[in-house]
Amino acid sequence: MPARTGLTTLSTQMAPIAAITLFGMSLAMSYPLFGLMLERAGTSGAMIGINPMAAAIAIVLGAPVMPGLLRRFGMGPMMIGAAVLLAGMMLAIPLYQGFWYWTAIRLIFGFAGTVLFFASEYWIVAATPELNRGRIIAVYAL
């Protein structure tokens, strides 16, 4: 759980909101990017449709292990590692072309995003005083 300092509730919430924004932006960019690249490479429509499933599979398989990983490695290191991993995967996209390569990248995207999603949700709930929690969650959900 994040340390409670003299920071205001809003400034305390900026890191997890920034983390989930990073995940959302990377995910939103990756869907059309991978689809267009796969189409340009001549991949069939069915395979292009299967590619995004890798992210969903990573999320479904990563969710049950996330509490244990966050406890073991800590929320800060996991969030930083996930953000670096997302950036690294974006840089790795043009290094090689192929369905399986890009599907593996999509799988890693999904797992890193799961880390950011779970950690930011926990951070917001844990760091927000109960009196303001509903308001902060509402701003976060926008």
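Biologist: In which helix is Thr114 found?

Modeller: Thr114 is found in helix H6, where helices (H or I, at least four residues) and strands (E, at least two) are DSSP runs numbered from the N terminus. This is a predicted model, in which local features need pLDDT of at least 70 and side-chain atom pairs count only at pLDDT 80 or more, while totals for chains, interfaces and linings use all residues. Residues are numbered from 1 along each chain as its sequence is written, and side-chain values use heavy atoms, with hydrogens and water left out.

Biologist: How many helices and how many strands does the protein have?

Modeller: The protein has 7 helices and 0 strands, and from the N terminus on its elements run α-α-α-α-α-α-α. Along the principal axes, the C-alpha trace spans about 55 × 30 × 25 Å.

Biologist: Is Thr114 buried or exposed, and which residues does Thr114 touch, not counting those up to four places away in sequence?

Modeller: Buried means under 20% relative accessible area, exposed means over 50%, and partly exposed lies in between (1.4 Å probe, protein chains only). Thr114 has a relative accessible area of 3% and is therefore buried. Contact means heavy atoms within 4.5 Å, and, not counting residues up to four places away in sequence, Thr114 touches Ala58, Ile59, Gly62, Ala63 and Met66. Across the protein, buried residues make up 36% of the 142 residues.

Biologist: At what angle do H4 and H6 pack?

Modeller: Two packed helices are described by the angle between their axes and the distance between the axes. The axes are lines fitted to C-alpha atoms, for helices over the stretch in contact, and angles run from 0 to 180 degrees between N-to-C directions. Helix H4 (residues 66-73) and helix H6 (residues 99-127) pack at about 75°, with their axes 10 Å apart. Angles under 35 degrees count as roughly parallel, over 145 as roughly antiparallel, 65 to 115 as roughly perpendicular and the rest as oblique, and H4 and H6 are therefore roughly perpendicular to each other. Met66, Leu69 and Leu70 of H4 make the contact with Phe111, Thr114, Val115, Phe118 and Ala119 of H6.

Biologist: How do the residues of the contact of H4 with H6 divide into nonpolar, polar and charged?

Modeller: Ala, Val, Leu, Ile, Met, Phe, Trp, Tyr, Cys and Pro count as nonpolar, Asp, Glu, Lys and Arg as charged, and the others, Gly among them, as polar. The contact of H4 with H6 has 7 nonpolar residues, 1 polar and no charged.

Biologist: At what angle do H5 and H6 pack?

Modeller: Helix H5 (residues 75-92) packs with H6 at an angle of about 150°, their axes lying 9 Å apart, which makes H5 roughly antiparallel to H6. Residues of H5 including Met78, Ala82 and Leu86 meet residues of H6, among them Ile105, Ile108 and Trp123. The residues of this contact of H5 with H6 divide into 20 nonpolar, 1 polar and no charged.

Biologist: How many aromatic pairs does the count come to?

Modeller: Rings of Phe, Tyr and Trp (its six-membered ring) pair if their centres lie within 6.5 Å, and planes under 30 degrees apart count as stacked, over 60 as edge-to-face and the rest as tilted. By this rule there are 4 aromatic pairs. The rings of Tyr96 and Tyr101 have centres 5.3 Å apart and planes at 75°, so that pair is edge-to-face. Tyr96 is exposed, with a relative accessible area of 51%, whereas Tyr101 is partly exposed at 23%.
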